[in-house]
Amino acid sequence: MSRSRPSRFPLRRALPLTLALVLCGWYTGSCRGNPSNTDPNRALAAHGTIEGAKELIASLYELYERAETQASQCQPLRANPARLPVRQIATFSGQIWKAQRDAAHLKLMGEPAGEDLSTKFTLLGMEFKKLGLLYRNSAPGSRYQLSLRKQLDGDAAKQQRLLQQAGNALRNGNLDSFETMMESYGVKLYEKLTFFTPVEANKFSSRFAAMLVNGDAKLSVKRRGDYFKIAQAKIHEHLASAQDFPRAAAQITKEIAATGSATLPDGTALEPPQAVAYLTELWGKSSAAIIRASALELVFAGSGNPPSSSSKINAELQWLNQEAGKYFVALVQAAAQSTAQPKVASTYGALLKELSVVDRRVGNHSISQACRDALRQLAAKDPALRIDAYERATSEVLKWRKRFAAQRAKILEREYPQSTVQLSAKAAVKATNKPEFFGSLSTSRRTTASEVFNVPANWQVFESASLLIDKPLSSRPLIRLQPNSPTAVVPHQNGHYLNVPVPLPAEAALANLKAALLVDPTHPPLSIAAADAISSAQRQDYQRVGGVIDRIHLEAAVTRFIGLPEVAYVLIPLGQLPALRDGKPPLTKTCWRLDVLPHWAQHDYFIVQISPSTR
Amino acid sequence: MIPSHLRLWRTQIAAFRWLPLVAGMFLAGCSKEKAQDLVDSVSTQVRSLAESDEQSAATVLPEAGSVTLNLVSARTTIPGANLAVHVLGGGRPNVVQILTYDPNDNTRRYPCLMLHGTTTVDNPTGLVGQQIQCDLYFQASPTAPVAMTGPGDFVQVEFTQFDPVEKTIQATVGAATLIGSDGDQVVVGQSSLIAMIDGEN
């Protein structure tokens, strides 16, 4: 069942393509994607920490699609089961048995797709079992089943030999060859057993199954240990790369203190304000690396492994935050020391703007406040720089405009429920793409966007979309990815984040704000509040955004953060870790990405409204 | 609060709203003797007001400056108005800021208002005769919507008279349509003010 919506607004046609292009840029490498309401059958993305995972995932989703198609084609034949395609039912049954084992292996590899595939193949396996028994109860079916029984009886000795060989392999620790010989036999066995009731089948499978359980237990332990080691190596790599920040910060600060500017290894020259911007990005990159390490640790350091290193990773993050705080202050102090008087005014204003940008990514003013004394030292070098007078002349303007914007936003918000409320509301799903043979649409009320994978992801995204597409919502704050990116995000909170296309039409409001704050190309803002007001308007960072949901994507939370690209560090407030540790099994945690078409946005000091004709 | 026997001056202002208002006095901040002198002189002048119908606006003394805002809904007089000129230097224009409240006081009085504009003049006395384009901000009560001049709009403030003795300055405030934070428009007719001049800056 596919769904089509007429595209009412011009932007909507451009939006999916724009976002697709941007998000191809998000993922370093190919455009992997995840299920969305327009492409529900896309595979859950893989992080690929363990080699072979991505290929296995791709092949399993492809197998599932073929098998489900076959099951659909069998439905009209249920009324006449003698005509059911026995060969296909048998083949797929064997393959599904193996696929379920592969899905379990994927879970050991830390891939949430393993959870999804496990759910899918369990449901589909049950359907093929029903088809097998339907066929077996038909006239040709019962004859067929008798012939199978004869084969299996004749097979008993062969199975015995296999189990001996397998047992030897286990004792010698040849776990991989154990698995290969057991699976190759098992596929053929379960091709046949699909036409037997569970009681009948037991006779032919119980010893085989018992040996398999024994071997699987050993395999699990070995794999968990091996994969943990691989993950640990990656964790160390990420933590090591986070060291780039203090190394670069120390060098840059030293150079600026000595000469007033710094030079990067690639020859780029940095004045103090540009150095603040550079260090902000570097802190972001280092933070993203620690977030990746933390997500890996959550997935792989399970039971049976050495004690969790999460406290170590937390400590690394706190240490990085302290270093960041220290170096931003040191950088401004260095600027205060080395900036010559003619450049003090412009440097001071530009520093304020860059510090306001890092404040917004942190989510509070701790960095700029820590730099206050150093900033005053710098300003004091130019007696003509009347920063106190500037503050007296502009602080009331900011207070009035803030009150105005906040009041206006409160009224606008009434029609745009908060995203967390919208997603956690209980409702009865309106539409589904679940094939009918899996059952009818449940009318019970459930969470609109569940925190965990509870049905196959392609159904989950489609069903939740039936409750969310075109619905209004608001959320906060809105932070642009990079200075010129076409996308801003509402950072990850309560299992979701928002993508919003920018820029919004704020030119008139920005011009008005600049005039009120006495800012022009040669006169930068002279207070941190004014600098924040201007830099956020220019950058298109907003306090709150309201709009309608255009598209939803269902991701796995751990994959989102194991593969967090540097450019997307703003997805989490700087210096924090994503809230992933709530006791739920990590691989089952969802992350909903909502693509929102904005109708209005609240800047700290003005409101932008987008008229319906241009939406 | 204005005592009842002094309230008569409000009606006089209404009648003579196109004339310059009387000089105001800012009692707080004056010395005790000066304050007593002022109170005495106010009482004398108000008595004469009450006795005669003929009014000269110059003899009527409001409390400490005021802004009379001619809203379509109601004429509102906000008692207490201060004017400051902030000199910023470095090639920036100076800022004229008129407040009906103390920005350092968290318990704000309502209604409250601010006028904010730029000028090349660097001290309040030099404002007389000047016309300044200002942003106007107004809030009638803590729960009322905030109203302000929209982007690109302004009110024209013309400074008319400076009283060196009382240290006050008078001005007319041009008509404008403000935008309210509730989405409604607030129409303001020609209004007037008299403000105490801040010593600093």
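**Entry 1: terms and conventions**

I take contact to mean heavy atoms within 4.5 Å. I note that this is a predicted model, in which local features need pLDDT of at least 70, side-chain atom pairs count only at pLDDT 80 or more, and totals for chains, interfaces and linings use all residues. Residues are numbered from 1 along each chain as its sequence is written, chains are lettered from A and ligands numbered from 1 in the order in which they are written, and side-chain values use heavy atoms, with hydrogens and water left out.

**Entry 2: A:Arg539**

I looked up the contacts of A:Arg539. Not counting residues up to four places away in sequence, A:Arg539 touches A:Glu281, A:Val357, A:Arg360, A:Arg361, A:Arg480, A:Gln482 and A:Pro483. A:Arg539 belongs to helix 18 (residues 528–539) of chain A; helices (H or I, at least four residues) and strands (E, at least two) are DSSP runs, numbered from the N terminus. I use buried for under 20% relative accessible area, exposed for over 50%, and partly exposed for values in between (1.4 Å probe, protein chains only). A salt bridge requires a side-chain nitrogen of Lys or Arg within 4 Å of a carboxyl oxygen of Asp or Glu. For charge, Lys and Arg count as positive and Asp and Glu as negative, while His and the chain ends are not counted. A:Arg539 is buried yet has no salt bridge, and A:Glu281, the nearest side chain of opposite charge, is 4.4 Å away.

**Entry 3: helix 16 of chain A**

I checked the length of helix 16 (residues 457–468) of chain A. The expected span of a helix is 1.5 Å times one less than its number of residues. For the twelve residues of helix 16 this gives 16 Å, and the end C-alpha atoms are 16 Å apart, which agrees.

I then asked how many residues of helix 16 of chain A are buried. Twelve of the twelve are, so the helix is largely enclosed by the rest of the structure. Among them are A:Trp459, A:Phe462 and A:Glu463. The buried residues of helix 16 pack against helix 4 (112–136), helix 15 (419–424), strand 3 (426–428), strand 4 (445–447), strand 9 (544–556) and strand 10 (590–602) of chain A. Just after helix 16, A:Asp470 takes a positive phi of about 70°.

I also followed A:Phe462 to A:Thr38: the two are 424 residues apart in sequence and 8.3 Å apart in space, C-alpha to C-alpha. A:Thr38 is found in the loop between helix 1 (10–26) and helix 2 (53–74) of chain A, and A:Thr38 is partly exposed at 46% relative accessible area.

**Entry 4: salt bridges**

I find a count of 33 salt bridges over all chains.

- A:Lys130 and A:Glu127 meet at 3.9 Å, N to O. Both lie in helix 4, three residues apart, about one turn of the helix. A:Lys130 is partly exposed at 45% relative accessibility, whereas A:Glu127 is buried at 2%.
- A:Glu271 and A:Lys343 have their closest N and O atoms 3.0 Å apart. This pair links distant parts of the chain, 72 residues apart: A:Glu271 in the loop between strand 2 (269–270) and helix 9 (272–300), A:Lys343 in helix 11 (residues 341–362). A:Glu271 is partly exposed at 30%, and A:Lys343 is partly exposed at 42%.
- A:Asp582 and A:Lys589 have their closest N and O atoms 2.7 Å apart. A:Asp582 is partly exposed at 38%, while A:Lys589 is buried at 7%.

**Entry 5: chain B and the interface**

I recorded two helices and eleven strands in chain B. Buried residues make up 47% of its 201 residues. Among contacts in chain B between residues at least 6 apart in sequence, 53% join residues at least 24 apart.

Chain B averages a pLDDT of 75, and 67% of the residues score at least 70. Over residues 1–62 of chain B the pLDDT is below 50; beyond near neighbours in sequence, this stretch has 79 contacts in the model. Where pLDDT is low, the predicted coordinates should not be read in detail.

Between the chains, 23 residues of chain A are in contact with 37 residues of chain B. The buried area, meaning the accessible area (1.4 Å probe) that two parts lose on being put together, summed over both, is about 2,500 Å² between chain A and chain B, with carbon and sulfur atoms giving 57%. Which salt bridge crosses the interface of chain A and chain B? The rule finds one there, and A:Arg401 and B:Asp135 meet in a salt bridge at 3.4 Å, N to O. The predictor gives the complex an ipTM of 0.80 and a pTM of 0.85.

Key. pLDDT = per-residue confidence, 0-100.
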